[in-house]
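Here's a quick briefing to read with the structure open next to you.

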Amino acid sequence: MEAAPAILPLANRHIALGVTGSISCYKAADIASKLRQAGATVEVVMTPAATRFIAPLTFQSLTSRPVVVDMFAADEAEAHVEVARRADAFVIAPATANCLANLAHGQAPDMVTLTALATRAPILVAPAMDNQMWDHPATQENVVTLRNRGVEFVGPAEGRLASGRVGLGRLAEPSAVVGALRMLLGQRTGDLAGRHVVVSAGGTQEPLDPVRFVGNRSTGKMGFAIAEAARDRGAFVTLVTGPVALETPYGIHRVDVATVAEMLTALEQATADSDAIIMSAAPADYRPANPSEHKMKKGAEDGLSVDLVRNPDIIATLPGGGVRVGFAAETRNLEEYARAKIPAKRLDFIVANDVSAAGSGFGADTNQVTIYHRDGSHETFPLMTKYAVAMAILDRVKARL
Ligand code: PMT
């Protein structure tokens with residue numbers, strides 16, 4: 001099946017990116033690129049100092065838009081304020097100690113600080129400087145002033161600095177800067193702002209012995225996409241996940257578990273005050289009855305039998321959690337099996353995927369789903385990115401809140 005057009009998290013967003021003079025300016029190019037890939041229109045403003053580290057042409061090429069450095073030489077008559085007016089958000093990355101001082105005191109000697117003064121859009125600052133400059137009381141006071149004024153910060157991160165020292169002062173990673181921006185925009189304008197959404201992801205691992213387990217093919221991609229989409233719409237997200245190889249998306253509260261028993265305990269706690277629980281994890285239905293305390297050794301026998309016992313059904317056990325969404329992973333009789341799970345697990349709706357279909361289910365970046373509702377109606381979707389599936393699920397959660 002052909003995939004539907006992708007839904008991009010920053011589509012129709014106009015983002016101004018301010019770049020000030022730091023050795024970490026090279027990472028700002030990656031930030032500009034990631035913003036574009038996320039669908040944003042990006043306009044870059046730079047300080048003269050930043051141009052000594054990286055050429056405006058780099059940003060011009062990445063964003064397909066002119067870069068403004070000199071407020072007097074700009075093409076647009078009122079460029080110094082027009083960039084600020086157009087922006088849905090202003091990201092300053094990297095922001096030097098000097099930049100923070102100017103921002104805190106309302107000074108505007110360059111295009112970056114001037115844009116900050118002229119915009120009414122939310123401002124996200126990603127500081128980068130030597131740790132001694134970051135720790136200095138003057139910088140810390142400026143940070144407090146800016147925070148009190150509603151400016152958001154991402155980083156700085158701890159690690160090796162240009163001086164060779166190790167400490168707090170590194171520019172946050174580009175993925176964190178973009179994640180923080182998506183979270184900020186969600187919290188200010190998203191339709192799930194103020195809500196608590198709980199998502200489960202990944203498969204569980206039920207031990208046979210200390211080195212082996214019974215597991216399944218879930219990679220966590222579906223659940224992580226739902227968690228990111230809910231964050232992008234402003235929700236506070238708790239993500240309870242089995243062992244997966246995915247990085248925690250920025251701003252998401254992640255709880256790692258291994259077994260169904262652990263997932264149940266974590267979800268009982270997380271859903272105590274949640275507005276929705278979206279159960280996209282693949283918990284094991286059975287676990288080995290008597291896991292061995294030590295590594296099992298090969299015997300002379302040709303075969304090995306393992307007794308399995310039923311695990312609790314997590315979503316059926318959870319008393320509430322708000323809007324209750326389940327998944328059905330099937331390889332046949334999708335509709336019949338999915339519909340049967342709605343009353344059995346007390347779901348508002350279930351997202352059914354044929355995990356044997358190409359591009360769907362385990363490990364894929366896309367999924368083709370049908371949503372069956374409690375009232376008997378259903379909606380079939382084309383093959384979509386897992387992020388787009390997540391958005392469709394959240395639209396239906398939102399409608400039931
Ligand atoms: O992680 P990916 O690689 O991206 O793959 C995504 C996925 C295929 C895992 C996902 O799209 C999916 O279908 N998740 C549900 C997997 C599953 O366990 O399906 P099920 O039909 O066996 O279970 C039905 C529902 O009951 C599910 O919501 C499941 O989370 C829940 N369940 C199952 C067993 C159990 N012991 N407790 C549960 O709560």
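Predicted model: local features only at pLDDT ≥ 70, side-chain atom pairs only at ≥ 80, totals over all residues.

- You'll find Asp130 in the loop that runs between β4 (123-127) and α7 (131-135).
- Its relative accessibility is 17%, and since buried means under 20%, Asp130 counts as buried.
- The Asp130 side chain has a polar contact of 2.5 Å with the side chain of Arg165, plus another, at 2.9 Å, with the side chain of Ser163.
- Leaving out residues up to four places away in sequence, Asp130 touches Leu161, Ser163, Arg165 and Leu168.

**Helix α8**
- Helix α8 takes in residues 137-148, twelve residues in total. From first C-alpha to last it reaches 16 Å, close to the 16 Å expected at 1.5 Å a residue.
- Which residues of α8 are buried? They are Thr139, Asn142, Val143 and Leu146.
- Just after α8 comes Gly150, with a positive phi of about 95 degrees.

**Helix α14**
- Helix α14 (residues 386-400) has 15 residues and reaches 21 Å from its first C-alpha to its last, close to the 21 Å expected at 1.5 Å a residue.
- Eleven of those 15 residues are buried, so α14 is largely enclosed by the rest of the structure.
- Among the buried ones in α14 are Tyr387, Met391, Ile393, Leu394 and Arg396.

**Cis peptides and positive phi**
- As background for this group, most residues other than glycine have a negative phi, and most peptide bonds are trans.
- Ala93 and Pro94 are joined by a cis peptide bond, with omega about 0 degrees; Pro94 belongs to strand β3 (residues 89-95).
- There's also a cis peptide bond between Gly155 and Pro156, where omega is about 5 degrees. Pro156 is in the loop between β5 and β6 (157-160).
- Ser64 isn't a glycine, yet its phi is positive at about 60 degrees. Ser64 lies in the loop between α3 (56-63) and α4 (79-86), and is exposed at a relative accessible area of 56%.
- Arg346, also not a glycine, has a positive phi of about 50 degrees. Arg346 is in the loop between α13 (334-344) and β17 (349-354), and is partly exposed, with a relative accessible area of 38%.

Definitions and conventions. Residues numbered from 1 in each chain as written. Heavy atoms only, no water. Helix = DSSP H or I, 4+ residues; strand = E, 2+ residues; numbered from the N terminus. Buried < 20%, exposed > 50% of the residue type's maximum accessible area, 1.4 Å probe, protein only. Polar contact = N/O pair within 3.5 Å; in protein donor to acceptor, adjacent residues only side chain to side chain. Contact = heavy atoms within 4.5 Å. Expected span 1.5 Å × (residues − 1).
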